[in-house]
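Please work through the following exercises with the sequence and the model at hand. Each task is followed by a solution in steps.

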Amino acid sequence: MAKVLLFLLFLLFLVGMNAHAQNRDGYVGLNESNYQVGDKIELPAIVFSTCCQVLTDEQFLDSVQVIADFLKEHPQLKVEIAAFTDSRGTADKNVILSQKRAEAVRNTLVENFNCNPVQIVTKGYGEDVPLITDAEIKALETKEEKENRHQKNRRVELKVLEVLD
């Protein structure tokens with residue numbers, strides 16, 4: 001019995017040591033105190049219309065403000081602004097579009113929110129890393145449901161590339 005109790009305490013210790021654990025979607029929250037290389041930071045939605053790379057909606061600027069606040073609170077982090085498209089359009093055009101979206105977020109962070117440009121790199125992934133596959137989208141019943149899922153694939157993520165001293 002004592003061995004079982006000791007084992008359970010050990011497991012609780014391991015869980016506590018891994019309090020940095022990612023959520024079920026593989027993201028780390030914005031309120032962590034210790035980020036590691038490779039962490040994907042959970043962000044409020046920054047979404048784009050089809051074939052668009054412009055940030056104009058106030059809601060999305062508020063989301064970019066959250067990233068700006070995060071970067072200013074964590075100047076030791078170098079991050080990647082990763083942008084993604086849905087699968088509509090050609091693969092080549094989607095990579096270019098996603099790169100422009102990532103750069104639009106970076107430019108907004110630097111120009112509107114005075115973030116340190118050295119902290120931020122951009123990468124457009126195109127349609128290569130969908131959250132929802134085309135097969136899953138095709139199986140949905142309504143056009144509205146399908147469009148909603150495509151929208152989820154048109155997203156921006158923040159990834160820790162380096163923790164500077």
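The exercises below go from the overall fold to single residues.

The model is predicted: local features need pLDDT of at least 70 and side-chain atom pairs count only at pLDDT 80 or more, while totals for chains, interfaces and linings use all residues. Residues are numbered from 1 along each chain as its sequence is written, and side-chain values use heavy atoms, with hydrogens and water left out.

**Exercise 1. The fold**

Task: State how many helices and strands the protein has, and in which pattern they follow one another.

Solution: 
- Step 1. Helices (H or I, at least four residues) and strands (E, at least two) are DSSP runs, numbered from the N terminus.
- Step 2. Counting these runs gives five helices and four strands.
- Step 3. Along the sequence, their pattern is α-β-α-β-α-β-α-α-β.

**Exercise 2. The sheet**

Task: Determine the strand order of the sheet and the sense in which its strands pair.

Solution: 
- Step 1. Two strands pair if DSSP finds at least two bridges between them.
- Step 2. The four strands form an open sheet in the order β1-β4-β2-β3, and the pairing is mixed.
- Step 3. β1 (40-41) and β3 are the edge strands, since each pairs on one side only.
- Step 4. Two bridges link β1 and β4 in the antiparallel sense; here K40 has K159 of β4 as its bridge partner.
- Step 5. β2 and β4 also run antiparallel, joined by seven bridges, and A83 lies opposite V156 in β4.
- Step 6. β2 and β3 are parallel, with five bridges. In this pair, A83 stands opposite G124 in β3, and I81 stands opposite T122 in β3.
- Step 7. Together with α3, β2 and β3 form a right-handed β-α-β unit. Right-handed means that, with the strands pointing away from the viewer, the path from the first strand over the helix to the second runs clockwise.

**Exercise 3. The interior**

Solution: 
- Step 1. Such a core is a set of buried Ala, Val, Leu, Ile, Met, Phe, Trp, Tyr and Cys residues joined through side-chain atoms within 4.5 Å. Buried means under 20% relative accessible area, exposed over 50%, and partly exposed in between (1.4 Å probe, protein chains only).
- Step 2. The largest core has 23 residues, and I67, L71, I81, L109 and L158 touch the most other members.
- Step 3. The largest share, five residues, comes from α2.
- Step 4. Leaving aside residues up to four places away in sequence, L71 touches V79, L109, C115, Q119 and I120, where contact means heavy atoms within 4.5 Å.
- Step 5. β2 is largely enclosed by the rest of the structure, because six of its seven residues are buried.
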